[in-house]
Amino acid sequence: MRQLAISISGGGALGIGPLAFMTRMEQDFKKKISDMSFAYAGTSTGSIIAAGLEEGKSAHELFDLYRENLKPIFNKFPWYKSILPKCPKYDNTYLSNLLKKVFPGKIGEWKKPIYIPATFMNGESVEKVWDLGDTDTDKSFAVLTSCSAPHYFDVIVRDGKSYCDGGLWCNDPTATLQSGLTKSGHGNYKILCFNSSLDTPNTACGNMTTLGWGEYMLNEWIARTGKSNYYETAANIGSDNVFRASPSHSTKIEMDDTSDKTLNHVIELWQNYYETMKPQLEKFLSR
């Protein structure tokens, strides 16, 4: 049987959806996801889930973590700061402190392969993937950089180096996970990947202004997860070895919408999707 690896894309508060799916898996298979899997990748909100699984936490524990903390994570700056031109929408203080509490220690203390994309803004290359090779990097720092979505949270600066959300170049880390595992010598594995931001229609068309194109790229390409990483990974390791969990939704849901109505809707959407896909999932997991 092939080993199972898990990939979770970015999607802000919508990350609670894949966790609703995973909790149903744990209930039905009588086993923690972290015990079923051997490697992880996660971008932005997905990096929190990936790091949590790496720590050995259950999907139930991570689901409760999200439910209890989403609203304070998306805490707006006071008006006298928000009027500044470069001020992001939300204060990351609560998120930073929470990550330090939940993920103490260094990346080198993790045992299973893990890949956390971030954007290295002022480095030789914009692509930065935190992995087990970054032994002296704080776990919480790696996750925080991956979660620092432009416009929503502050850029993270340390020692003159600037980092922001990995979703700028790798919102879906499935291909990054596949590449990392192949490079490290793993060959007998399959990947269960989660699209936190859902499959939603794109209604943009025609020419746009420079600002319009910028908003289009941010909202439709960076904040949403396309299928290119899935196609690439399926081509590399075989389509039977990749399962893409991605419910469809008729309209886009804002990644910072933490209202109870929206969260309950997202949770129900993913739970219903699980019931629909369960036979296919069981077949995939048994390979």
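Reply: **Helix packing around H4**

H4 passes H6 in a right-handed crossing. Right-handed means that the near helix is turned clockwise from the far one by less than a right angle; anticlockwise gives left-handed. Helices here are DSSP runs of H or I, at least four residues long, numbered from the N terminus.

The model is predicted, so local features need pLDDT of at least 70, side-chain atom pairs need 80 or more, and totals for chains, interfaces and linings use all residues. Numbering starts from 1 along each chain as its sequence is written, and side-chain values use heavy atoms, without hydrogens or water.

Two packed helices are described by the angle between their axes and the distance between the axes. For H4 and H6 the angle is about 150 degrees, and the axes lie 9 Å apart. That makes H4 roughly antiparallel to H6, a label for angles over 145 degrees. Each axis is a line fitted to C-alpha atoms over the stretch in contact, and angles run from 0 to 180 degrees between N-to-C directions. From H4, Leu65, Asn69, Pro72 and Ile73 meet Tyr94, Leu95, Leu98 and Val102 of H6. Contact means heavy atoms within 4.5 Å.

H4 (residues 59–73) also packs on H1 (residues 16–29), at about 150 degrees with axes 8 Å apart. H1 is therefore roughly antiparallel to H4. H1 passes H4 in a left-handed crossing. Contacts on the H1 side include Ile16, Leu19 and Met22. Those on the H4 side include Leu62, Phe63 and Tyr66.

H6 (residues 93–102) has a further partner, H7 (residues 139–146). Their axes come within 8 Å and cross at roughly 145 degrees. H6 passes H7 in a right-handed crossing. Here Leu95, Ser96, Leu99 and Lys100 meet Ser140, Val143 and Leu144 of H7. Leu95 also takes part in the H4 contact.

The side chains of Asp28 and Lys278 meet in a salt bridge, at 3.1 Å from N to O. Lys278 sits in H12 (residues 260–285) and Asp28 in H1, 250 residues apart. A salt bridge is a side-chain nitrogen of Lys or Arg within 4 Å of a carboxyl oxygen of Asp or Glu. The structure holds nine of them.

Methods:
Helix = DSSP H or I, 4+ residues; strand = E, 2+ residues; numbered from the N terminus. Parallel < 35°, antiparallel > 145°, perpendicular 65-115°, else oblique.
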